[in-house]
Amino acid sequence: MKIRILGCSGGIGGRHLRTTSMLVDHDVLVDAGTGVADLSLAELGAIDHIFLTHSHLDHIASLPLLIDTVMDMRIGRPVTVHASEATLAILRQHVFNWLVWPDFSEIPSREAPCLQFQAMELGQRVDLGCGRSITALPAEHTVPAVGYLLDSGSNSLAFSGDTTSNDSFWPRVNEVANLRYLIIETAFSNKERALAIASKHLCPSLLAEELAKLVRPAEVFITHLKPGQIEQTMQEIEEGVAGFKPRMLQNNQVFEL
């Protein structure tokens, strides 16, 4: 299983800042932030499944345009969007509602749409074929949210999604015997701790508290850093969470599981 980071920033700006999305092999996306727009038309047309952590714009920005772009390439092969029922309800009401964007679950017809929604419960495991699976993990955010565990059978990668302090996440991660990588968000620097708590994100001091709950050995990568605070936040992480040697996630970084 190859995971390519299409976007891992908490915002945009410049040539290298793209919001959250990961391409799994050639056919699966985890989130659909602005990084998806860098894919070629052929790459977009090959995507069969999209797993969303939650409904915030930085994680779904490319989704409506992606569906519109590949519609005529996927007749009879709808793209399946997986998410919690609460997240799917938000998408139906506020995005694919004929006002903000057409409802592609009815185009070209209700009987043969180019988009279909599949509700996913917390803890549910979806088989992606070729020994690959993805499982929904607990997250704690301002809207219904999940993280994901990507498992090749040999190794696993846990992704926190957008989250704040979350005791429910760690027991699920700690039971993964083949855990190799952990990607966890830290949106704000410590000077913004109050904002991090209010917006249900992490800052370095909160991250240190969370990583203290991790008992499995894993390589730790930091995602969702806010533009303008990247250097300060990473310095605070390096000073406050040194035992785990966390590294900043990079756009176009590739993980092999």
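Visitor: Where is the place of P108?

Guide: In this predicted model, P108 sits in the loop between α4 (85-94) and β6 (115-119).

Visitor: What makes the peptide bond from I107 to P108 cis?

Guide: The peptide bond that runs from I107 to P108 has omega near 0 degrees, and it is cis.

Visitor: Why is C114 called buried?

Guide: The relative accessibility of C114 is 4%, and buried means under 20% relative accessible area, so C114 counts as buried.

Visitor: How many disulfides does a search of the whole structure find?

Guide: The search of the whole structure finds zero disulfides. C203 is in no disulfide, as the nearest cysteine sulfur, that of C8, is 19 Å away, whereas a disulfide needs a pair of cysteine sulfur atoms within 2.5 Å.

Visitor: Is C203 buried or exposed, and why?

Guide: C203 has a relative accessible area of 0%, and because the cut-off for buried is under 20%, C203 is buried.

Visitor: Why is K200 called partly exposed?

Guide: K200, which lies in the loop between α6 (193-198) and α7 (204-211), has a relative accessibility of 28%; partly exposed falls between under 20% for buried and over 50% for exposed, so K200 counts as partly exposed. K200 also has a positive phi of about 55 degrees, although it is not a glycine.

Visitor: What makes N252 partly exposed?

Guide: N252, found in the loop between β13 (247-248) and β14 (254-256), has a relative accessible area of 45%, and therefore N252 is partly exposed by those cut-offs. N252 is not a glycine, yet it has a positive phi of about 70 degrees.

Notes:
Residues are numbered from 1 along each chain as its sequence is written. This is a predicted model: local features need pLDDT of at least 70, side-chain atom pairs count only at pLDDT 80 or more; totals for chains, interfaces and linings use all residues. Side-chain values use heavy atoms; hydrogens and water are left out. Buried means under 20% relative accessible area, exposed over 50%, partly exposed in between (1.4 Å probe, protein chains only). Helices (H or I, at least four residues) and strands (E, at least two) are DSSP runs, numbered from the N terminus.
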